[in-house]
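Let's take a friendly walk through a protein model together. Have the sequence and the 3D view ready, and look for each residue as it comes up.

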Amino acid sequence: MSEQNYKNHRKFYPPHHFIYLPILIILEIFGIYKIWDNPENQLTWILFSIVIFLLFYLAFMTRQHYALGLQNRMVMLEFKQRYFEIFGQRSDEVANQLKFSQIAALRFAYDDEFKELLGRALKENISGDEIKRSIKNWRADHQRI
């Protein structure tokens, strides 16, 4: 990705998103198909489908939970540090007035736009998506997974 912007800022992990999860989805579809196609082994295929679904659910939720939970903490710390560097004050009061989606969106703005968009977020309560759409000079975040 040469230049990050609103349209291409999401990131995928190919082994997980394009190999492991699709294989589980195909196996789940196959298992459900075999429930009706192979009536003499129907219970086996039901159990197979349940196990595959549980593997899919566990893989999806565990990966998302740990990765996003940790990254959300990092985004909050980055916001607090950046706020302190720009304004020379603690950000606790300001951070408590914002939703996480707003704080996360602000990290894509350079300092001049950060100030302006932070003010709008506090006064107008614009959404995180609206903050992202309002950014004129996108500050890339290539490290978020």
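## A tyrosine to start with

Why does Tyr57 count as partly exposed? Its relative accessibility is 47%, and the partly exposed class runs between under 20% for buried and over 50% for exposed, so Tyr57 belongs in that class. Please keep in mind that this is a predicted model.

Where can you find Tyr57? Look in helix H2, which covers residues 42-87.

## Salt bridges

How many salt bridges does the structure hold? There are eight. One of them joins Arg82 to Asp111, with the closest N and O atoms 3.0 Å apart. This pair links distant parts of the chain: Arg82 sits in helix H2, while Asp111 sits in helix H5 (residues 111-124), and the two are 29 residues apart.

Another pair is found within helix H6 (residues 128-134), where Arg133 and Asp129 are four residues apart, about one turn of the helix. The closest N and O atoms of this salt bridge are 2.7 Å apart. Arg133 counts as exposed because its relative accessibility is 52%, and Asp129 counts as partly exposed because its value is 32%.

Which residues are linked in a network of salt bridges? They are Lys80, Arg90 and Asp92. Between Arg90 and Asp92, the closest N and O atoms are 2.6 Å apart. Arg90 is exposed, with a relative accessible area of 67%, and Asp92 is partly exposed, with 30%.

Now for some empty space. Rolling a probe the size of a water molecule over the atoms shows where such space is left. The second largest pocket has a volume of about 270 Å³. It is lined by 13 residues, and the closest to its centre are Met74, Glu78, Asp141, Gln143 and Arg144.

What kinds of residues make up this lining? Six are nonpolar, two are polar and five are charged.

Methods
Residues numbered from 1 in each chain as written. Predicted model: local features only at pLDDT ≥ 70, side-chain atom pairs only at ≥ 80, totals over all residues. Heavy atoms only, no water. Buried < 20%, exposed > 50% of the residue type's maximum accessible area, 1.4 Å probe, protein only. 1 Å grid on protein atoms, 1.4 Å probe; cavity = no way out; pocket = protein on both sides within 12 Å on 5 of 7 lines; lining within 4 Å. Points joined across faces, edges and corners; volume = space filled by probe spheres on them. Nonpolar A, V, L, I, M, F, W, Y, C, P; charged D, E, K, R; others polar. Salt bridge = Lys/Arg side-chain N within 4 Å of Asp/Glu carboxyl O.
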